[in-house]
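Keep the viewer open as you read.

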Amino acid sequence: MTTLDTVLPVIFMGLMGLAMLAYVVLDGYDLGVGMLMLRASDVEKDTMVASIGPFWDANETWLVLGVGILLIAFPKAHGVVLTALYLPTAVMLVGLILRGVAFDFRVKARAQHKPLWNHAFFAGSTLASLAQGWMLGRYVTGFAEGVLPTAFAAVIALALPAAYVLLGATWLILKTEGELQRRAIDWAKAAWVPVVLGMGMISLATPWASETVRERWFSMPAFIALLPIPLTTALALGAVRALLNSSRIRGKLCWVPFVLVIAVFVLGFFGLAYSLYPYVVMDRMTLWEAASATNSLVVILIGAAITVPAIIGYTIFAYRVFWGKATPLSYG
């Protein structure tokens with residue numbers, strides 16, 4: 001194998017990982033806000049939707065990018081992954097479509113129809129989150145069959161929406177004021193407990209569900225080198241809980257819980273990436289076995305060199321322009 005044969009698949013694996021991490025973090029908070037919709041008053045619902053309005057559609061660009069890289073850079077793996085996850089992928093798409101329709105219709109609907117679209121927005125967000133959790137659980141186990149892999153996927157299917165709710169609540173702490181911000185703090189406190197329990201169960205179950213993961217995490221000296229990941233995650237979650245009990249997050253520190261929860265997601269991503277590498281499909285297909293021809297990857301890399309910076313630049317620009325506290329949406 002030449003250097004390009006070796007390096008290009010790694011580059012595209014990194015780009016795909018970056019895209020999926022960006023999607024989980026960015027679309028994760030607005031899915032979380034969607035799942036909190038039914039807990040708020042009508043005026044608060046408008047503010048919640050306004051807090052994600054300028055961002056939510058663009059956030060899904062990262063999902064398109066990640067799946068697109070999987071399709072064109074790792075076509076063999078794409079067939080295996082989407083064949084195994086056909087049903088949950090369909091459920092996720094239904095949820096995302098329902099959420100998109102509800103988002104546009106609720107702000108223009110008559111007063112008597114607005115609750116319908118609020119419920120649809122909640123349902124779409126919940127469906128998409130549950131499906132993504134199930135897909136992640138099945139992917140981590142390499143699509144293994146049996147009771148234990150299925151139970152593992154079910155736990156992640158419940159844990160990921162809880163994490164999205166925590167992320168969404170901390171986003172609302174950052175973006176809102178007054179009574180809604182106070183309620184967002186209470187929602188974050190309620191979500192914190194299942195997130196901690198879920199992450200603890202997943203951390204214990206993952207090595208048990210996969211012999212490959214168990215060998216990588218618990219062999220020496222890798223165990224010592226990787227110990228900062230769970231320790232830092234625990235510290236970040238503890239700091240989030242401490243801040244939620246402090247009145248200071250209703251002022252200048254309102255951004256800190258959101259950043260800390262993002263840090264938890266990033267640490268989890270690095271732990272997962274270490275567990276999976278170099279497999280695109282766990283224990284079945286490495287990234288070099290699944291990759292497209294080198295000449296094709298060179299052409300794809302040129303396109304990615306243009307597309308990825310453009311998406312990053314637009315994302316930064318959008319968040320910079322619409323930064324600050326949210327106010328209810330209004331249409332002329």
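In this predicted model, helix 8 (residues 147–175) packs against helix 13 (residues 256–276) at an angle of about 155°. Their axes are 8 Å apart. Angles over 145 degrees count as roughly antiparallel, so helix 8 is roughly antiparallel to helix 13. The crossing of helix 8 past helix 13 is left-handed.

Which residues make the contact? Helix 8 supplies Ala163, Tyr164, Leu166, Leu167, Thr170, Trp171 and Leu174. Helix 13 supplies Pro257, Phe258, Val261, Ile262 and Phe265. By class, the residues of this contact are 11 nonpolar, one polar and no charged.

Now take one of these residues, proline 257. It sits in helix 13. Is proline 257 buried or exposed? Its relative accessibility is 0%, so proline 257 counts as buried. Set aside the neighbours within four places in sequence, and proline 257 is in contact with Thr170, Val240, Leu243 and Ile249. Leucine 174 is 83 residues from proline 257 in sequence. In space, C-alpha to C-alpha, proline 257 and leucine 174 are 8.4 Å apart.

Next, move to glutamate 60. This residue lies in the loop between helix 3 (56–59) and helix 4 (61–73). Buried means under 20% relative accessible area. Glutamate 60 has 14% relative accessibility, so it counts as buried. What does the side chain of glutamate 60 make a polar contact with? The partner is the side chain of arginine 99, at 2.5 Å. Leaving aside neighbours within four places in sequence, glutamate 60 is in contact with Tyr23, Asp27, Leu96 and Arg99.

Notes: Residues are numbered from 1 along each chain as its sequence is written. This is a predicted model: local features need pLDDT of at least 70, side-chain atom pairs count only at pLDDT 80 or more; totals for chains, interfaces and linings use all residues. Side-chain values use heavy atoms; hydrogens and water are left out. Axes are lines fitted to C-alpha atoms, for helices over the stretch in contact, and angles run from 0 to 180 degrees between N-to-C directions. Helices (H or I, at least four residues) and strands (E, at least two) are DSSP runs, numbered from the N terminus. Angles under 35 degrees count as roughly parallel, over 145 as roughly antiparallel, 65 to 115 as roughly perpendicular and the rest as oblique. A crossing is left-handed if the near helix is turned anticlockwise from the far one by less than a right angle, and right-handed if clockwise. Contact means heavy atoms within 4.5 Å. Ala, Val, Leu, Ile, Met, Phe, Trp, Tyr, Cys and Pro count as nonpolar, Asp, Glu, Lys and Arg as charged, and the others, Gly among them, as polar. Buried means under 20% relative accessible area, exposed over 50%, partly exposed in between (1.4 Å probe, protein chains only). A polar contact is a pair of N or O atoms within 3.5 Å; within protein, one must be able to donate a hydrogen and the other to accept it, and residues adjacent in sequence count only if both atoms are side-chain atoms.
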